[in-house]
Amino acid sequence: MYINKLTLNNFRNYNDQEIEFGNNINIIYGDNAQGKTNIIEAIFLCSMGRSFRSKKDSDLIKFDKSDAKIKIEYKKVDREGTTEAIINSQKTFFINGVKQNRISDIIGKVNTIIFTPSDIDIIKAGPQRRRKFLDMMISSLKPNYIYLLNNYNKIIEQRNNYLKQIHFENKPENMLDIWDEQLALCSSQIFEYRNKYVDKISKNIGDIHKMITNCGKDNEKIMIKYISTGKDKESFLNNIKKSRKIDIQRGYTNIGIHKDDIIFYINERPAVLFGSQGQQRSIILSLKLSELQIVYEENNDYPILLLDDFMSELDFKRRKFFLEKIKNHQVIITCTDKIDLESKNQVVYYIENGKATREI
Ligand SMILES: Nc1ncnc2c1ncn2[C@@H]1O[C@H](COP(=O)(O)OP(=O)(O)OP(=O)(O)O)[C@@H](O)[C@H]1O
Ligand SMILES: [Mg+2]
């Protein structure tokens, strides 16, 4: 799929801006703090229903204005469509002009995969960042998954409240059985999705990584492993019950898919401990390319790639491999220096102080 046109009104540092994209490589360049990432953010918002960098929607509205609007016109294999977001005291989405009631209804309509330099945190930061990567990927493919996650969070919140009531108010312990059942069931359903998708990644990441790193000598082997506190409803329930005493003491739930993690191994050693900066970066590139392949296989359509400052992270060899891999996709690249990717029909925009000017 590809985006034909993006229209921004009072979004971040833009007033009224239209950007027309080409079907292949689109370069958005300009100095720091001019509004390049804001463009990526606007597209991402229409794709995933929220920003990738701001928790507060009000931050997205231009200072001193009351409403921001983003509109995306896109084309898929079989149809055209629009997604619009209006942000004021709330955030409302429209698909083809029709108001949507749930965020899950808009996720996955515009399929994007985002690459940013901070993706390296998927390896370096804590398990929460890795779960977020996986959850976002699955959500964009299976909207149903979002309901499961929301449901899970509600159960955890209620169970944690009750744990505190047992601890401080001597409420009966056996009432926990209801929450435990629900928690185990929901954990097992989420586990199934996560396990399936980590499995899909692990099936293709090895080959991708070999191609990225193989220049004859530094042949790296990469592995990815999903760690959870159970594998089916019974095992989750058993472990939740075993942890009950500690849960009551601490006032929160210690077992469940909110503790899951993914471990990356490079040559059979954990990449977080033994991978160099460059090796960790290569893993991220392989991981995202692997995601790309999975999204393509499931949707039978190419997602749009959003590369925020990402090309500068790649050396010549990796850049060449990467460009070869993404040649059939629409790619929107931000960079500070105008790069020439020798693509025949590339579109170039120069950004200065919230104004985009087309050059090619
Ligand atoms: N709500 C807002 N209203 C007006 N301006 C805003 C708003 N939010 C952010 N900005 C401005 O947008 C600019 C940052 O935009 P952006 O992050 O897109 O920069 P960039 O071009 O990607 O820069 P870099 O190269 O440093 O990544 C800043 O100058 C910031 O003050
Ligand atoms: Mg930026």
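Let's start inside the protein chain, at arginine 194, which is found in helix 5; helices here are DSSP runs of H or I of at least four residues, strands are runs of E of at least two, and both are numbered from the N terminus. The model is a predicted one, in which local features need pLDDT of at least 70, side-chain atom pairs count only at pLDDT 80 or more, and totals for chains, interfaces and linings use all residues. To find your way, residues are numbered from 1 along each chain as its sequence is written, while chains are lettered from A and ligands numbered from 1 in the order in which they are written.

Is arginine 194 buried or exposed? Arginine 194 is buried, because 21 other C-beta atoms lie within 10 Å; a residue is called buried at 20 or more such atoms within 10 Å of its own C-beta, exposed at 12 or fewer, and partly exposed in between, with C-beta atoms placed from the backbone. Setting aside neighbours within four places in sequence, arginine 194 is in contact with Leu134, Tyr226 and Asp260, where contact means C-beta atoms, placed from the backbone, within 7 Å. Leucine 287 is 93 residues away from arginine 194 along the chain, and their C-alpha atoms are separated by 15 Å.

Now step back to the whole chain. The protein chain has 10 helices and 15 strands. Its radius of gyration is 22 Å, close to the 21 Å that the globule rule gives for 360 residues, so the chain is as compact as a globular protein of that length; the radius is taken over C-alpha atoms, and the rule is 2.2 Å times the number of residues to the power 0.38. Along the principal axes, the C-alpha trace spans about 70 × 55 × 40 Å. Of the 360 residues, 38% count as buried.

The chain is divided into domain 1 (1-111 + 309-360) and domain 2 (119-300), with bounds that come from an automatic or database domain assignment. Where do they meet? On one side, 11 residues of domain 1 are in contact with 16 residues of domain 2. Helix 10 (residues 316-325) gives the largest share of the domain 1 side, five residues. That side divides into four nonpolar, three polar and four charged residues; Ala, Val, Leu, Ile, Met, Phe, Trp, Tyr, Cys and Pro count as nonpolar, Asp, Glu, Lys and Arg as charged, and the others, Gly among them, as polar.

The largest nonpolar core has 88 residues, and Ala42, Ile43, Leu306, Leu307 and Ile332 touch the most other members; such a core is a set of buried Ala, Val, Leu, Ile, Met, Phe, Trp, Tyr and Cys residues joined through C-beta atoms within 7 Å. Helix 5 (residues 176-213) supplies the largest share of this core, 12 residues. Beyond four places in sequence, isoleucine 332 touches residues including Phe21, Ile43, Leu306 and Leu307.

Next comes ligand 1, which 15 residues surround, the closest being Asn13, Asn32, Lys36, Thr37 and Asn38; a residue is near the ligand if its C-beta atom, placed from the backbone, lies within 6 Å of it. The shell around ligand 1 divides into three nonpolar, eight polar and four charged residues.

Finally, have a look at two loop residues. Alanine 33 lies between strand 3 (25-29) and helix 1 (36-48), and its phi is near 60 degrees, a positive value in a residue other than glycine. Asparagine 300, in the loop between helix 9 (277-299) and strand 12 (304-308), also has a positive phi of about 60 degrees.

Key:
Contact = placed C-beta atoms within 7 Å.
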